[in-house]
Amino acid sequence: MRPLAIATAVLSFASAVVCVEKGNLTKPLTSKLILPSTFKPAQNFKNTNLVHIINLEKNYPKESINVVIENVASTPQDEYFIPFTSQQMATIGGLEVKDRKDSESPLFEVDAVDDTQFYRIHLPAPLAPKAQQTLGISFYYLSALNPLPAHIAQADKQFLVYTFSAYCQSAYDTLKQKTEVKLPTTTVPEYTIVPGTKGSPESPQKQGSKFTYGSYGEVPAGAVEPVKVRYEFTKPLIHVSELERDIEVSHWGGNIAFEERYIMTNRAANLSKQFSRVEWASQTYYNPPSTAVRELRFPLRVGSLEPYFTDVIGNVSTSRFRSNRREANLEIKPRYPVFGGWNYPFRVGWNADLKKYLRKLSGGEGYVLNVPFLEGPKQPEGIEYEHIELRVILPEGAENVQYSTTVPLVSVSTSLHRTFMDTTGRTALTLTAINIVDDLRDRELIVTYDYPLLAGFRKPLVIFVTFLSLFAAAWGIGSLDVKIKSKRS
Amino acid sequence: MESSLHQVWESAVGNSFVPTVGKGSQFFLGFSLLTIGFLLTGLFGLNRSLVNVPIIGIPASAAFAFGAVYMICAVGVYV
């Protein structure tokens with residue numbers, strides 16, 4: 001028995017190590033500086049006025065914090081910290097900060113501080129003592145909405161629960177604040193009521209589908225007041241755990257090919273009974289709200305051609321492609337309605353003419369490519385992507401590759417991709433992003449590269465040399481004298 | 001909100017990439033070149049001499065080279 005117990009202990013330790021490594025993958029990888037875990041930001045700022053807006057209209061919570069910050073230190077300051085819990089840190093995505101007073105201002109530089117749960121905002125210019133600035137901070141959490149009850153019947157309504165803090169999480173004292181929650185419906189069977197304190201009424205105040213917690217007076221740094229809302233949301237919670245998107249550029253063919261491979265899960269409430277095909281078919285005529293994914297709509301760029309939709313079995317024929325001069329919509333229906341807890345892995349792809357995406361730089365051999373970073377389905381209920389790997393496959397011999405995008409990335413690498421007619425392999429730029437939602441759908445990715453003329457002629461040149469050597473070999477071998485004849489004396 | 005290379009993209013406006021041979025004529029060109037290549041190979045087969053290696057071999061190899069590239073593009077494998 002003893003060796004068995006030791007083996008079990010070793011195995012469980014090994015699996016724990018593996019899990020920890022896996023867990024680390026979901027952490028933002030953008031930190032530049034490691035601070036001790038006991039790190040506390042200096043109290044250099046005060047939040048003079050803060051409005052926290054939580055938008056629950058889609059299937060992921062989108063939070064925005066509009067805050068007037070004031071420098072209360074004696075020296076100019078340029079680093080403002082926002083605290084998060086470790087759970088939030090693993091699921092937060094797309095944190096962006098800009099100046100609310102200046103709509104033209106570029107996004108502020110933001111990085112995650114490793115080991116401690118803070119995001120650090122670098123103000124573009126240090127804020128002088130007693131000066132104020134208005135920040136607009138926005139972000140969202142993935143997998144943060146959970147159905148309650150977790151199991152429902154096929155035609156039942158679904159209710160989601162979201163837990164947050166009525167006091168906005170801040171590393172600094174806040175003088176005045178309120179939290180607004182925008183709900184998709186007015187059907188909110190349960191919510192936390194925060195009793196009124198001196199000077200402030202009982203929260204929340206309801207205005208249609210908008211709930212307001214506060215306003216609250218001075219609140220110290222780090223204060224939380226957990227509250228919970230449970231509201232109706234009879235729509236699918238589409239969660240893409242992995243999206244691999246390939247963009248292949250062909251100069252010879254004048255073509256750009258897109259392919260997207262999805263591993264899609266519906267995080268909605270699971271079915272409490274077995275799926276009934278009869279009930280599903282009889283309801284389809286009435287089109288009632290459902291937690292199942294029936295259809296996905298991809299509005300592609302005008303001019304997209306030759307789309308395909310396949311899954312592990314093969315071609316899926318339940319798709320439509322409407323293409324004309326104004327639109328190119330790919331509408332696909334999965335092989336089965338995807339209910340809560342069900343998965344559907346599939347791939348879609350299409351071609352387009354390269355001339356709309358690629359421009360030649362004046363002088364030299366440079367090219368600039370402009371493609372959308374994400375072209376996934378556009379659903380009214382929203383889609384969240386846990387992990388995106390975007391590969392831009394440039395022609396063979398492309399060099400000096402540079403890129404820029406406003407989508408927050410976690411890693412970038414350049415490698416070689418070998419396929420038909422390649423000798424050395426094509427230059428592939430791989431961009432990885434985590435925790436992205438369909439709000440960032442039309443963000444552009446711009447890639448510049450140099451493509452020398454000789455590299456362009458590599459493919460025909462290789463075939464030319466091969467055939468010419470074949471001709472030479474045919475002549476050489478043909479002129480060998482292999483006749484069997486008697487030796488003349 | 002713009003990415004840092006957006007200006008580069010805007011500066012190249014009116015300079016769209018145009019391929020030498022459009023998608024519509026790839027099959028015709030690829031097929032013609034491959035046919036020429038095969039015919040020239042047949043011609044070389046009739047008279048395999050050292051002089052014919054450059055005289056027929058070079059045009060035949062060039063026809064095969066470009067013909068193969070355009071033919072694989074025409075059938076949907078955009079190399």
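How far apart do the end C-alpha atoms of residues 461-480 of chain A lie, and how much of the span is helix and how much strand?

Modeller: This is a predicted model, so keep that in mind throughout. The end C-alpha atoms of residues 461-480 of chain A lie 29 Å apart. The UniProt record, an unreviewed entry, lists residues 461-480 of chain A as "transmembrane region".

Now set that span in its chain. Chain A has 489 residues, and 34% of them count as buried. Its C-alpha trace spans about 130 × 70 × 70 Å along the principal axes. The chain holds five helices and 30 strands. Look at the contacts in chain A with a separation of 6 or more: 79% of them join residues 24 or more positions apart.

The strands deserve a look too. Take strand 10 of chain A, residues 159-165. On one hand, strand 10 pairs with strand 8 of chain A, residues 146-147. That pairing is antiparallel and has two bridges. Within it, Pro147(A) has Leu160(A) of strand 10 as its bridge partner. Strand 10 of chain A also joins strand 15 of chain A, residues 226-232. Here there are seven bridges, and the two strands again run antiparallel. In this pairing, Phe159(A) stands opposite Glu232(A) of strand 15.

Note on methods. Residues are numbered from 1 along each chain as its sequence is written. Chains are lettered from A and ligands numbered from 1 in the order in which they are written. This is a predicted model: local features need pLDDT of at least 70, side-chain atom pairs count only at pLDDT 80 or more; totals for chains, interfaces and linings use all residues. Helices (H or I, at least four residues) and strands (E, at least two) are DSSP runs, numbered from the N terminus. A residue is buried if 20 or more other C-beta atoms lie within 10 Å of its own, exposed if 12 or fewer, and partly exposed in between; C-beta atoms are placed from the backbone. Two residues are in contact if their C-beta atoms, placed from the backbone, lie within 7 Å. UniProt positions are given in the numbering used here, feature names are shortened, and annotations may be inferred rather than shown by experiment. Two strands pair if DSSP finds at least two bridges between them.
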